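Colleague: Could you take me through this model, one feature at a time, and give the cut-offs behind each term as we go?

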Amino acid sequence: MQDEEYMRQLSLGIDSAFDILVFRYHKPLFGYVYRLLNDEKLAEDIVQETFLKIYQQGQKGFIPDQFKPWMYKIATNTCKDYWRKPVSRLEYVTDKDLKAKEQVYQIIDHQLERQWMVESLNKLSMDYRTVLYLRFYQDLKYTEIALALDISINTVKTRIARGLKQLGNILAEDERKGVEENK
């Protein structure tokens, strides 16, 4: 069954349809938000807020044309709202300073190459990072990314191309630094 059909069922008061959407998208949505915020607890809060907004819209009878881009749009905007709050920036700096927390993630993850890529991606601006995560981690099509972020397809293509170019430069620089440190 299509996601939009579950939203239609939700609009008719069938709450079990919402459970299916949560089951289907919780993990990929959490991964996306976590990569944007680099904070597990905050990511979980944003994901819950996103699903709450989806539920509320469904209860009001709203059925998106394409569920997946709409869901990522809500999550992205919720992240942006978080970044606009001055207190959240302070919290982020505090969390960022907790190197031990980051080290725990690395130990649990056991995927150092993946971590290196995530860290490199986090060096990009929010615009480039967002499109690259949606394209390569969430496997959204260009049209879906355009819908999710309220930008044109050409802007998506431009941001992906420029983001990949900057990412390539960051990876090359990190690689060069690593080689020099090992000499």
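This is a predicted model: local features need pLDDT of at least 70, side-chain atom pairs count only at pLDDT 80 or more; totals for chains, interfaces and linings use all residues.

Modeller: Residues are numbered from 1 along each chain as its sequence is written, and side-chain values use heavy atoms, with hydrogens and water left out.

Colleague: How many helices and how many strands are there in the chain?

Modeller: Helices (H or I, at least four residues) and strands (E, at least two) are taken as DSSP runs and numbered from the N terminus. Along the sequence the pattern reads α-α-α-α-α-α-α-α-α-α. The count is therefore 10 helices and zero strands.

Colleague: What percentage of the residues in the chain is buried?

Modeller: A residue is called buried under 20% relative accessible area, exposed over 50% and partly exposed in between, with a 1.4 Å probe and protein chains only. The accessible surface of the chain, from the Shrake-Rupley method with a 1.4 Å probe, comes to about 10900 Å², and 54% of it belongs to carbon and sulfur atoms. Of the 183 residues in the chain, the buried ones make up 38%.

Colleague: At what angle do the axes of helix H1 and helix H3 cross?

Modeller: Two packed helices are described by the angle between their axes and the distance between the axes. Here the axes are lines fitted to C-alpha atoms over the stretch in contact, and angles run from 0 to 180 degrees between N-to-C directions. The axes of H1 (residues 3-11) and H3 (residues 40-59) come within 7 Å, and the crossing angle is roughly 65 degrees.

Colleague: Which residues make that contact, and how do they divide into nonpolar, polar and charged?

Modeller: Contact means heavy atoms within 4.5 Å, and on that basis H1 contributes Met-7, Leu-10 and Ser-11, while H3 contributes Ile-54, Tyr-55, Gly-58 and Gln-59. Ala, Val, Leu, Ile, Met, Phe, Trp, Tyr, Cys and Pro count as nonpolar, Asp, Glu, Lys and Arg as charged, and the others, Gly among them, as polar. The residues of this contact therefore divide into four nonpolar, three polar and no charged.

Colleague: How many aromatic pairs does the structure hold, and what geometry does the pair of Phe-18 and Tyr-55 have?

Modeller: Rings of Phe, Tyr and Trp (its six-membered ring) pair if their centres lie within 6.5 Å, with planes under 30 degrees apart counted as stacked, over 60 as edge-to-face and the rest as tilted. The structure holds eight aromatic pairs, and in this one the rings are 5.1 Å apart, centre to centre, with 65 degrees between the planes. Because Phe-18 lies in helix H2 (residues 16-37) and Tyr-55 in helix H3, the pair ties together parts that are 37 residues apart in sequence. Phe-18 is buried at 13% relative accessibility, Tyr-55 is partly exposed at 24%, and their geometry is edge-to-face.

Colleague: Where does Asp-150, a residue with a positive phi, lie?

Modeller: Most residues other than glycine have a negative phi, and most peptide bonds are trans. Asp-150 has a positive phi near 60 degrees without being a glycine, and Asp-150 is exposed, with a relative accessible area of 58%. Asp-150 follows H9 and lies in the loop between H9 and helix H10 (153-181).
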